[in-house]
Amino acid sequence: MTSFVEVQFPTDISYGANGGPMFMTDVVTTVSGHEQRNSKWSQARARYNVASGVKSETQWQALIAFFRARRGKAVGFRFKDWGDFKAVNQPLQSLGGDEYQLVKRYVSGAVVSERIISKPVAGTVKLYKNSILQVSGWSVDTATGIITTAHTGTLTVDFEFDVPVRFDTDELGLSMDSFNAGSWNNIPLIEVRV
């Protein structure tokens, strides 16, 4: 069985989701009140709850079918994070030769954090050489985010992307509030490293 499928979670449900990036940090407070902090991850990992995005019977039936097809936690999939799904004028990360990885840069003052983008949305990637759009001479693998091109110079890209996630539960418990009206308290998703 495959552990990841290139299928996007229903966007009409993801639009109502909440969540975003998280880190794992150990904090030890000394007797004097000072802290020692140890960040265990160099890259953030996103967590979402899609329960609030389910607003109709049609959506919950689609969610149940999607959950069953992914077998709960077993199979990862694409998820559109409506709060962070675009990148504009981003540099490429060289992988050597004619291959480059898509990345998104987050800038806060003098700190720049790069996020590897492995799931660009097909048809949204635009490659620029010295600020001029290149319509040929390159290709992108939408399953890895790797661009192959013989172009040289200053290369930048615009694109939309999905987050690789999986359900963080093997149980999907619906509460029937009234006839044809149900709800969930928690339907967690978590980003996976692919």
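Predicted model: local features only at pLDDT ≥ 70, side-chain atom pairs only at ≥ 80, totals over all residues.
## The six-stranded sheet

Let's start with the sheet. Six strands make up an open sheet with mixed pairing, and reading across it the order is S1-S6-S15-S18-S5-S2. The edge positions go to S1 (4–8) and S2 (18–22); each has a single partner strand, so one side of each has no neighbour in the sheet. From one strand to the next, the twist averages 30°.

For a look inside the sheet, take S5 and S18. Strand S5 covers residues 45–49 and S18 covers residues 188–191; the two run antiparallel and are joined by three bridges. If you want a residue pair to click on, Arg-47 has Ile-190 in S18 as its bridge partner.

Next up is a hairpin. S3 (residues 25–29) pairs with S4 (residues 35–39) in the antiparallel sense, with five bridges between them. Across the pair, Val-27 sits opposite Arg-37 in S4.

Five residues separate the two strands of this hairpin.

Pro-120 is in the loop that runs between S9 (111–116) and S10 (126–129). What does Pro-120 touch, leaving out residues up to four places away in sequence? The list is Arg-78, Leu-102, Val-125, Val-140, Asp-141, Thr-142, Gly-145, Glu-160 and Phe-161. Take Val-140 from that list: it is 20 residues from Pro-120 in sequence, and the C-alpha to C-alpha distance is 8.7 Å.

His-151 is another loop residue, placed between S13 (146–149) and S14 (155–160). His-151 is buried too, because its relative accessible area is 16% and the cut-off is under 20%. A polar atom of the His-151 side chain lies 3.0 Å from the backbone oxygen of Ser-136. Beyond residues up to four places away in sequence, His-151 touches Tyr-100, Leu-127, Lys-129, Gln-134, Ser-136, Gly-137 and Trp-138.

## Salt bridges, buried and partly exposed

Now for the charges. Side chains of opposite charge can pair when their charged atoms come close. Searching the whole structure turns up ten salt bridges. One of them joins the side chains of Asp-162 and Arg-78, at 3.1 Å from N to O. This pair ties together distant parts of the chain, 84 residues apart: Asp-162 is in the loop between S14 and S15 (163–167), while Arg-78 belongs to S6 (residues 76–79). Buried or exposed, what is Asp-162? It is buried, with a relative accessible area of 5%, and Arg-78 counts as buried at 7%. Asp-162 and Arg-78 also belong to a salt-bridge network that takes in Glu-6 and Lys-119.

Elsewhere, Glu-114 and Arg-105 meet through their side chains in a salt bridge of 2.8 Å, N to O. Glu-114 is partly exposed at 26% relative accessibility, and Arg-105 is partly exposed at 40%. There is also a salt bridge between Arg-166 and Asp-168, with the closest N and O atoms 3.1 Å apart. Asp-168 is partly exposed, its relative accessible area being 23%.

Note on methods: Residues numbered from 1 in each chain as written. Heavy atoms only, no water. Pairing = 2+ DSSP bridges. Helix = DSSP H or I, 4+ residues; strand = E, 2+ residues; numbered from the N terminus. Buried < 20%, exposed > 50% of the residue type's maximum accessible area, 1.4 Å probe, protein only. Polar contact = N/O pair within 3.5 Å; in protein donor to acceptor, adjacent residues only side chain to side chain. Contact = heavy atoms within 4.5 Å. Axes fitted to C-alpha atoms, helices over the stretch in contact; angles between N-to-C directions. Salt bridge = Lys/Arg side-chain N within 4 Å of Asp/Glu carboxyl O.
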